[in-house]
Amino acid sequence: MQLTPAGRSSSLRARLGAAACLLLAAGMPAIAQAESGATTQIDATALLYGERSRTNVAEPTARITRRFADGQSLSAQFGFDVITGASPSGAAPSGTIHTTTSASGTVTTSPAGQVPLNSFKDSRYAADLEWQKPFLRSFLSTIGGHVSREKDYQSLGANGKLSVDLLQRRTTLTAGGGVNRDRVFPVGGIPVGLSDGSLPAMSSALPKDVSTLMVGLSQVVTRRWLVGLNATRTFERGYLSEPYKVLSVLDGTTGLPAGQRTEKRPSTRERRSLLASSVYHLTDDVLSLSYRHYRDDWQVRSQTFDARYRRELGSERYLEPHLRYYSQSAASFYRSSLVDGAPLPEFATADYRLGALSSVTFGATCGFRLPGRPGEWTVRAEYIRQFGEGHPDTAVGIQRQFDLFPSVDIGSLLIGYSIEF
Amino acid sequence: MIRSPGRLLRGALLLVLAGLAGGCAATAVRPWDRDLLAQKQMRLTPAPMVSAVDDHIYFSKEGSMGGMDVGGGGCGCN
């Protein structure tokens, strides 16, 4: 057909626009690559994590993802943790050397005046599967499964998500849900809550069920700016206590330990969180900011601020400093100890992770490619410091002399490698 | 300690909504303008494996969880 110059120009523009739509509207590089055939991506990370005088973790993880020509992808991830060291037992410090014997018979000695620790050693195996399938041009479905096992805990989970792109793919809506059917089987059995240790274990194992719902929105604001808003709601039911944690029973005047009791938490928990994220592309660099507000019906409220700045160094190298600040209020049943002779509360825990605390994280990631070698490397080093009220007004007697919340200093090194072929 | 979480939350939401409204009204980002947005580092979760490692660390050391996704499994660490 003979076209007039004006018509040819218009048709050419329309065709170029359509071609650009086909190539770019797909958005995800993976889909664009899939047009020419299937690809495989392998990711591996190795985490070394250490708390000063407490817990150490080594955690290698590997993930393989196969992307098919029709846009579907299937991935499998395997992880293995080795955890050693000690964590606070929940008991209060005393003026003498404190000896703790764990359920497995391990004896830990804590110096006088310091928070008593429980030694432990554990390993954890985890496997995850995920299948993604795009359909009807704008939809993406994701189905996943999870299994993990450690000495005293097992987790089985399944999850699913559906995303839809709207308004020329400027807006993406996502909704999903997940369920976990976990099982707790501590060494020595599950203790009776708030017991003094004289009662036999109430059971050898108890269930813990977790259900999560999520809705999310991501919005392209400008050519350089993407924002997101995610809300999650989680329902937990079952055995939610920490079987190895205790509370000291203190003399109300002297503050000296008169005994100890196991902790007891409610058997349900409902958590809600809202996460607002922003990613902005500067001339070359990228600034990522996020804020999370969290609350639950144990009266824990928290806020998390996170900032990353990816500085491009050229030759496919970058440096990304990271800063995170976290602050939480205490659970309604948190207390550092019990008072001898006072009526027992319905629930109580001295686990500092349910007390009022703050955390600061700073670190940096370096990403690079080795000349002449395939794949991308990342090396990340981070420092985390947790701190809280070490001398609360509620401390009695000798307890006023001790730091009841010694700061926790954590260092981590994460090495990652990713290759696609 | 949390001083006024409600106010901060409302402020963050307003910021996001203002950005959405202002940005969407001012610019219609066409598919051929997505060269920057298509970069991996422009994703809200650019490194899912690293994010999962971080979630595990913070879940085991803090009283909060959640926000981004529904996947992942339980852990006896908290």
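Analyst: What follows goes from the interface as a whole to a single arginine and then to the chain around that arginine. The model is predicted, and what is said here should be read with that in mind.

The interface comes first. On one side, 103 residues of chain A take part, and they are in contact with 57 residues of chain B. The size of an interface is often given as the accessible area lost when the parts come together. Here the area buried between chain A and chain B is about 6400 Å², and carbon and sulfur atoms give 61% of that area.

Polar and charged pairs also cross the interface. Between chain A and chain B, 21 residue pairs are in polar contact, counting pairs with both residues at pLDDT 80 or more. The side of chain A that touches chain B is made up of 37 nonpolar, 35 polar and 31 charged residues. Four salt bridges are found across the interface of chain A and chain B. A salt bridge links A:Arg324 with B:Glu62, where the closest N and O atoms are 3.0 Å apart.

Is A:Arg271 buried or exposed? Its relative accessible area is 6%, which is under the 20% limit, so A:Arg271 counts as buried. Within chain A, the side chain of A:Arg271 makes a polar contact of 2.7 Å with the side chain of A:Glu236. Towards the other chain, the side chain of A:Arg271 reaches the backbone oxygen of B:Gly63 at 3.3 Å. Leaving aside residues up to four places away in sequence, the residues that A:Arg271 touches include A:Thr232, A:Tyr294 and A:Asp296 in chain A, and B:Phe59, B:Ser64 and B:Met65 in chain B.

Now the setting in chain A. The secondary structure of chain A comes to two helices and 21 strands. Of the 421 residues in chain A, 44% are buried. Among contacts in chain A between residues at least 6 apart in sequence, 58% join residues at least 24 apart.

One sheet of chain A can be described strand by strand. It is an open sheet of three strands in the order β13-β12-β18, with mixed pairing. Its edge strands are β13 (257–262) and β18 (338–339), each pairing on one side only. Strand β12 (residues 246–250) runs parallel to β18(A), and two bridges join them. In this pairing A:Val249 stands opposite A:Leu338 of β18(A).

How values were computed
Residues are numbered from 1 along each chain as its sequence is written. Chains are lettered from A and ligands numbered from 1 in the order in which they are written. This is a predicted model: local features need pLDDT of at least 70, side-chain atom pairs count only at pLDDT 80 or more; totals for chains, interfaces and linings use all residues. Side-chain values use heavy atoms; hydrogens and water are left out. Contact means heavy atoms within 4.5 Å. Buried area is the accessible area (1.4 Å probe) that two parts lose on being put together, summed over both. A salt bridge is a side-chain nitrogen of Lys or Arg within 4 Å of a carboxyl oxygen of Asp or Glu. A polar contact is a pair of N or O atoms within 3.5 Å; within protein, one must be able to donate a hydrogen and the other to accept it, and residues adjacent in sequence count only if both atoms are side-chain atoms. Ala, Val, Leu, Ile, Met, Phe, Trp, Tyr, Cys and Pro count as nonpolar, Asp, Glu, Lys and Arg as charged, and the others, Gly among them, as polar. Two strands pair if DSSP finds at least two bridges between them. Helices (H or I, at least four residues) and strands (E, at least two) are DSSP runs, numbered from the N terminus. Buried means under 20% relative accessible area, exposed over 50%, partly exposed in between (1.4 Å probe, protein chains only).
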